[in-house]
Amino acid sequence: MILSQRLKKVKRGEIMSLLRMKEIRAMNDEDLQKTLMDVKSELMHENAISAMGGSPPSPGKILKLRKNVARILTVINERKIKQKVGDK
């Protein structure tokens with residue numbers, strides 16, 4: 001499935017599956033930032049539901065979202081380090 005199709009499904013409220021590192025590395029910096037904001041906002045929404053005492057529709061969704069955030073941040077940091085090494 002193409003990444004843009006996955007992101008469209010997220011906007012419709014469906015569960016975002018784990019993004020693969022291959023897909024994340026294929027994104028440009030702007031797409032990474034946009035995806036990170038989308039995933040973080042969805043994670044915040046799920047955490048708010050569980051904090052209010054409600055049960056989330058999918059219990060594993062919070063874990064998947066947290067992993068997606070970590071993977072995206074990893075790629076962003078890798079690119080920053082690569083850029084610093086390239087500047088020296």
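1. Overall fold. The chain's secondary structure consists of four helices and zero strands, where helices (H or I, at least four residues) and strands (E, at least two) are DSSP runs numbered from the N terminus. Along the sequence the pattern reads α-α-α-α.

2. Basis of the note. This is a predicted model, in which local features need pLDDT of at least 70 and side-chain atom pairs count only at pLDDT 80 or more, while totals for chains, interfaces and linings use all residues. Residues are numbered from 1 along each chain as its sequence is written, and side-chain values use heavy atoms, with hydrogens and water left out.

3. Of the chain's 88 residues, 30% count as buried; here buried means under 20% relative accessible area, exposed over 50%, and partly exposed in between (1.4 Å probe, protein chains only). The accessible surface of the chain is about 6,300 Å², and carbon and sulfur atoms hold 57% of this surface. These areas come from the Shrake-Rupley method with a 1.4 Å probe; for residues, only the protein chains shown count as cover. Among contacts with a separation of 6 or more, 60% are between residues 24 or more positions apart, a contact being heavy atoms within 4.5 Å.

4. Helix α3. The buried residues of α3 include Leu32, Thr35, Leu36, Val39, Glu42, Leu43 and Glu46. Just after α3, glycine 53 takes a positive phi of about 95°.

5. Nonpolar core. A nonpolar core is a set of buried Ala, Val, Leu, Ile, Met, Phe, Trp, Tyr and Cys residues joined through side-chain atoms within 4.5 Å. The largest such core has 13 residues, and Ile24, Leu32 and Ile72 have the most contacts inside it. Helices α3 and α4 each supply at least two of its residues, and α4 gives the most, with six. In soluble globular proteins, nonpolar side chains tend to be buried together. Leaving out residues up to four places away in sequence, leucine 32 touches Ile24, Met27, Ile72, Val75, Ile76 and Arg79.

6. Salt bridges. A salt bridge is a side-chain nitrogen of Lys or Arg within 4 Å of a carboxyl oxygen of Asp or Glu. By this rule there are five salt bridges. Side chains of opposite charge can pair when their charged atoms come close.

7. Two arginine pairs. Glutamate 23 and arginine 20 meet in a salt bridge, with an N to O distance of 3.7 Å. Glutamate 23 is buried, at 16% relative accessible area, whereas arginine 20 is exposed, at 51%. Glutamate 78 and arginine 25 form another salt bridge, at 3.1 Å from N to O. This pair links distant parts of the chain, since glutamate 78 is in helix α4 (residues 61–87) and arginine 25 is in helix α2 (residues 21–26), 53 residues apart. Both partners are partly exposed: glutamate 78 has a relative accessible area of 33%, and arginine 25 has 43%.

8. The pair at glutamate 46. Lysine 61 and glutamate 46 form a salt bridge whose closest N and O atoms are 3.4 Å apart. Salt bridges that share partners join Glu42, Glu46 and Lys61 into one network. Not counting residues up to four places away in sequence, glutamate 46 touches Pro56, Pro57, Lys61, Ile62 and Leu65.

9. Loop residues. Proline 56 lies in the loop between α3 and α4. Apart from neighbours within four places in sequence, proline 56 is in contact with Glu46 and Ile49. The C-alpha atoms of proline 56 and histidine 45 are 10.0 Å apart, and the two residues are eleven residues apart along the chain. Leucine 19 is in the loop between α1 (3–11) and α2. Leucine 19 counts as buried because its relative accessibility is 0%.
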